[in-house]
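Hi there,

Here is the structure I promised to pass on to you. Have a look at it first, and then read my notes below.

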Amino acid sequence: MPQRVAVIGSGFSGLSVATSLAHKGYDVTILEKNEMPGGRARLFRAEGFTYDMGPSWYWMPDVFETYFARFGKTPADYYNLVRLNPSYKVVFSPTEAVDMPANLDELKALFDSIEPGSGARLTEFLRQAFYKYDVGINNFVWKPSRSVTEFMSIKLLYDVTRLDVFQSFASHARKFFTHPRLLQLIEFPILFLGATPQNTPAMYSMMNYAEMVGGTWYPMGGMHKIIEGMVALAQEKGVKILLNQTVQRIETVGDTAKRVHTTQGVFEADVVVASADYNHVETSLVAPSERNYSDEYWAKRVMAPSSLLFYLGVNKRIPKLEHHNLFFDEDFGLHAQEIYETPKWPSKPLFYASAPSKTDPSVAPAGMENLFLLIPVAPDLTDDEATRERYYHLIMQRLEAYVGENIRDHVIYKRSYAHRDFKADYNAFRGNAYGLANTLMQTAILKPTLKNKKVRNLFYTGQLTVPGPGVPPSLISGLVVADEVAKEFSV
Ligand SMILES: Cc1cc2nc3c(=O)[nH]c(=O)nc-3n(C[C@H](O)[C@H](O)[C@H](O)COP(=O)(O)OP(=O)(O)OC[C@H]3O[C@@H](n4cnc5c(N)ncnc54)[C@H](O)[C@@H]3O)c2cc1C
């Protein structure tokens with residue numbers, strides 16, 4: 001009999017680990033608490049609009065290619081990908097914005113127009129960033145990071161020195177660019193990593209390579225199309241996906257997990273892989289003596305920001321917006337301070353507005369706009385309706401100032417989402433949106449480890465363990481953990 005594997009959760013990492021293990025011959029069942037698979041990448045429909053609930057940026061198409069290639073497939077077997085041009089818009093003030101061209105020569109010309117000579121420096125910056133991307137994506141992120149010895153090869157040590165691990169992204173960027181606008185453009189992708197450019201290692205300039213050279217893409221129909229493709233592939237491999245199954249306990253005998261108890265039943269398992277929030281698994285699903293980490297450990301983790309989100313349906317088109325729009329019209333330093341140093345609701349937050357209906361007519365009724373607004377905020381804030389409403393008006397005012405027209409009177413559908421929803425829907429530690437910040441002290445072997453140290457057949461995957469948060473890392477996390485399971489528990 002193939003070994004029975006219970007996977008807790010059906011986000012990117014859960015689907016990835018489940019599909020990979022089923023492909024290797026295991027008998028895999030996913031137990032998911034929500035009514036649909038996808039985790040943070042679920043969707044909902046309302047009033048003719050289709051909303052992706054979480055991720056909206058499709059970067060690193062090569063990682064998705066690698067994922068599907070593991071199973072003899074390509075993304076095109078499941079969804080239709082288009083490259084966005086411009087990649088995104090950055091709004092600096094009601095009267096000043098730039099559109100980031102997808103074409104690299106046009107991008108260099110844009111840099112030159114802001115700071116003469118910076119186009120050539122961008123070439124060198126991206127040459128170094130390519131090296132980091134190549135080593136990072138083809139080598140480092142595939143390490144299970146269970147021991148420092150994994151990194152003890154001459155080649156890897158040589159790579160580490162050229163990766164600028166010990167230099168901050170902020171000082172690295174300033175060696176190439178001085179104009180504040182260029183620094184804002186170059187530091188933007190770092191915000192995805194959940195820490196400030198000062199606290200992020202310079203090796204993450206690989207994100208600039210991913211964004212500027214790899215491009216910003218969009219799966220027609222929405223990001224949930226990736227989930228639908230992954231679900232179809234998982235089912236082709238024989239994975240059983242059981243929904244509305246909130247896991248309540250992992251039952252162990254001695255040092256071995258034996259059963260998974262859900263709200264609907266009990267499932268026997270030879271191996272358990274938890275892709276649900278790592279802290280939730282530790283604090284609610286295993287006995288206190290079986291935890292890897294103490295409350296003190298978790299209290300010291302630097303979390304990536306949580307988010308206040310608005311899903312809006314607008315009964316007209318908004319010509320001045322692009323598919324992705326970043327509102328950098330306030331001071332990032334102050335916003336970062338109010339996320340990381342003195343956590344509180346931000347005074348003047350930056351925000352992000354996505355209008356996928358610019359690219360995809362299927363996500364909004366004809367003549368209307370599907371609008372998704374995201375404000376990064378500190379985790380664990382008191383989250384009530386009045387606060388959400390205050391921020392709604394604060395950012396809508398700025399959005400309207402830039403687009404030069406009233407939008408609020410045209411909103412025919414509105415839903416907000418923040419900390420308490422992340423907790424209720426995903427059991428998210430401190431209401432986190434995208435896991436742990438990618439600081440140096442939370443990288444590779446310094447991240448929560450992918451295996452339980454006391455229960456020999458319990459593994460973890462997902463955005464709180466290696467390699468980290470984001471869709472591509474979560475896919476990789478599932479594949480890495482599947483290989484670790486296979487090393488220890490052969491079929
Ligand atoms: C608003 C937002 C925007 C983002 N934008 C981007 C982006 O543009 N690009 C990008 O690459 N990344 C983005 N991310 C990050 C990315 O979405 C995540 O890193 C990724 O989806 C995490 O996948 P995961 O499998 O680790 O976790 P999850 O998706 O959270 O999956 C965990 C699953 O476990 C389930 N679960 C929890 N507890 C239990 C239980 N007790 N029993 C059973 N099931 C349980 C949950 O319901 C969930 O389905 C964004 C995230 C958010 C929230």
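In α4, the residues Leu 122, Phe 125, Leu 126, Ala 129, Phe 130, Lys 132, Tyr 133 and Gly 136 make contact with Met 206, Asn 208, Tyr 209, Ala 210, Met 212 and Val 213 of α8. Sorted by class, this α4-α8 contact is made of 11 nonpolar, 2 polar and 1 charged residues. Please keep in mind that you are looking at a predicted model.

How are these two helices placed against each other? Helix α4 covers residues 118-138 and helix α8 covers residues 206-214; their axes lie 7 Å apart and the packing angle is about 105 degrees. An angle from 65 to 115 degrees counts as roughly perpendicular, so that is the word for α4 and α8.

Next, the ligand. There are 39 residues around it, and those that come nearest are Ser 13, Glu 32, Arg 40, Trp 57 and Gln 463. Split by class, this shell holds 17 nonpolar, 18 polar and 4 charged residues.

- His 280 has a polar side-chain atom 2.9 Å from a nitrogen atom of the ligand.
- Asn 34 also uses its side chain: one of its polar atoms is 3.0 Å from a ligand oxygen atom.
- Ser 56 has a polar backbone atom that lies 3.0 Å from an oxygen atom of the ligand.

How much of the ligand does the protein bury? On its own the ligand exposes 1000 Å², and 97% of that is buried by the protein.

Finally, some backbone details in the loops. Asn 85 and Pro 86 are joined by a cis peptide bond, with omega at about 0 degrees. You can find Pro 86 in the loop that links β5 (81-83) to β6 (88-93).

Another cis peptide bond runs from Val 466 to Pro 467, and its omega is near -5 degrees.

Met 60 is not a glycine, yet its phi is positive, near 60 degrees.

Enjoy exploring, and write back with any questions!

Best wishes

Notes: Residues are numbered from 1 along each chain as its sequence is written. This is a predicted model: local features need pLDDT of at least 70, side-chain atom pairs count only at pLDDT 80 or more; totals for chains, interfaces and linings use all residues. Side-chain values use heavy atoms; hydrogens and water are left out. A residue is near a molecule or strand if one of its heavy atoms lies within 4 Å of it. A polar contact is a pair of N or O atoms within 3.5 Å; within protein, one must be able to donate a hydrogen and the other to accept it, and residues adjacent in sequence count only if both atoms are side-chain atoms. Accessible areas come from the Shrake-Rupley method with a 1.4 Å probe; for residues, only the protein chains shown count as cover. Ala, Val, Leu, Ile, Met, Phe, Trp, Tyr, Cys and Pro count as nonpolar, Asp, Glu, Lys and Arg as charged, and the others, Gly among them, as polar. Axes are lines fitted to C-alpha atoms, for helices over the stretch in contact, and angles run from 0 to 180 degrees between N-to-C directions. Helices (H or I, at least four residues) and strands (E, at least two) are DSSP runs, numbered from the N terminus. Angles under 35 degrees count as roughly parallel, over 145 as roughly antiparallel, 65 to 115 as roughly perpendicular and the rest as oblique. Contact means heavy atoms within 4.5 Å.
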